[in-house]
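The exercises below are meant for a reader who is meeting this structure for the first time. Work through each task with the sequence and the model at hand before reading the solution that follows.

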Amino acid sequence: MCHFTQRSSTSLFPKICNIFWRFHHTSTSHLCSCSKTISDEKYQDPFQLGRKDLKNLYEDIKKELLVSAAELKEMCDYYFDGKGKAFRPMIVVLMARACNIHHNNSKEVHASQRSVAIIAEMIHTASLVHDDVIDDANSRRGKRTLNQIWGERKAVLAGDFILSAASVALARIGNTTIISVLTQVIEDLVRGEFLQLGSKENENERFAHYLEKTFKKTASLIANSCKAVSILGCPDPKVHEIAYQYGKNVGIAFQLIDDVLDFTSCANRLGKPTAADLKLGLATGPVLFACRQFPEMNAMIMRRFSKPGDVERARKYVLQSDGVQQTTYLAQRYCHAATREIRKLRPSPEREALVHLTEMVLMRDK
């Protein structure tokens, strides 16, 4: 599995693409073996283990968002309602503990490491607010979006304010390396959004383009947050790379499954409309794999499903093809890569919880 550098080079993606097409032609029986990811060691519930370090997480985030303007405060608090799973902060604190134990058997999470978890959630939420404006989305996490309630202009400003508060919290950590690692996330988010606005005519280039966008928009945050807490807990560069690679692979797998759920889950369960990506003109993994069986989709992809009936036809083609199955297999491969990385650390309950987390990513239905 190819590794992404911190500034992920686009030259790597064509190589990755060729690997993916080989996956596509691998026999089903061989690929199905990827689903056997259950850890042989004692089961560890990631959410249970991470809960103690995430206590009062959203209250602490709201403290970072102190503002006198009542309307802006209400907007900033809207998604920090404590009802989310805090998936990213949970990965961060588990990685922090796993790295600390690996380094010197310390079982505590440093205050600076917990700050990284808070900052990661703030950056993620700000990106959602901005994404909803760009996509003109009307629902997120089962409720109306900020832009639907307060309007696009105010939503953009609220997202900006959350990002600025995250930057202040980041500066407070007082470590220039950590600042560099986490500001890379913000750059990647912007570059990923620009990538999403474009498209490629060549099939291999198109898949590479999709994967690079996926890394920058989703996986970079998890990868660099994991790297940041490993730096704060352990001086070994090899451990930093392990943390980064684990986060990168889990992050890409998470988005691949998200793209699958856009075709297989009902809107109520997903918390947002289904086929949303097609309606936005986006060709995700299931579409790109389906295109191999239904070449007529190429024209629809290039016009971003803009003609009447394109969305419905493309959805039908995807569900008739093995696009969903192949994208799931690909996510399994990434989860296996994440597991291989994290197992390089010394055994700990947190390490096993991170292994189990890869299984949860594959099994999620919303």
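**Exercise 1.** Find the volume of the largest cavity in this predicted model, and describe the residues that line the largest cavity.

Solution. Begin with the volume, which for the largest cavity is about 190 Å³. Next, look at the lining, which is made up of 16 residues, and note that Gly198, Ser199, His209, Leu282 and Ala283 are the closest to the centre of the cavity. Then trace the lining back to the helices: helix 10 (176–197) and helix 11 (203–233) each supply at least two residues, and helix 11 gives the most, with four residues.

**Exercise 2.** Describe how helix 11 packs with helix 12, giving the angle, the distance between the axes and the handedness of the crossing.

Solution. Start from the geometry: helix 11 and helix 12 (residues 237–264) pack at an angle of about 145°, and their axes lie 7 Å apart. The crossing of these two helices is right-handed. Now turn to the residues that meet, which on the side of helix 11 include Tyr210, Phe215, Ile222 and Lys227, and on the side of helix 12 include Val239, Tyr244, Lys248 and Asp259. Counted by class, the contact of helix 11 with helix 12 has 12 nonpolar, eight polar and three charged residues.

**Exercise 3.** Determine which elements contribute to the lining of the second largest pocket, and how the lining divides by class.

Solution. First take the volume of the second largest pocket, which is about 230 Å³. Of the 16 residues that line the pocket, Leu54, Leu57, Tyr58, Gly84 and Ala86 are the closest to its centre. The elements that give two or more residues to this lining are helix 3 (46–51) and helix 4 (57–64), and the largest share, four residues, comes from helix 4. By class, the lining of the second largest pocket has seven nonpolar, four polar and five charged residues.

**Exercise 4.** Work out where in the protein chain the confidence is lowest and where it is highest.

Solution. Take the chain as a whole to begin with: its average pLDDT is 87, and 86% of the residues score at least 70. Then compare the elements, among which helix 2 (residues 28–32) has the lowest confidence, at a mean of 35, whereas helix 18 (residues 323–342) has the highest, at 98. Lastly, consider residues 1–41, over which pLDDT stays under 50, and for which the model has 89 contacts beyond four places in sequence.

Notes. Residues numbered from 1 in each chain as written. Predicted model: local features only at pLDDT ≥ 70, side-chain atom pairs only at ≥ 80, totals over all residues. Heavy atoms only, no water. 1 Å grid on protein atoms, 1.4 Å probe; cavity = no way out; pocket = protein on both sides within 12 Å on 5 of 7 lines; lining within 4 Å. Points joined across faces, edges and corners; volume = space filled by probe spheres on them. Nonpolar A, V, L, I, M, F, W, Y, C, P; charged D, E, K, R; others polar. Axes fitted to C-alpha atoms, helices over the stretch in contact; angles between N-to-C directions. Left-handed = near helix turned anticlockwise from the far one by under 90°. Contact = heavy atoms within 4.5 Å. pLDDT = per-residue confidence, 0-100.
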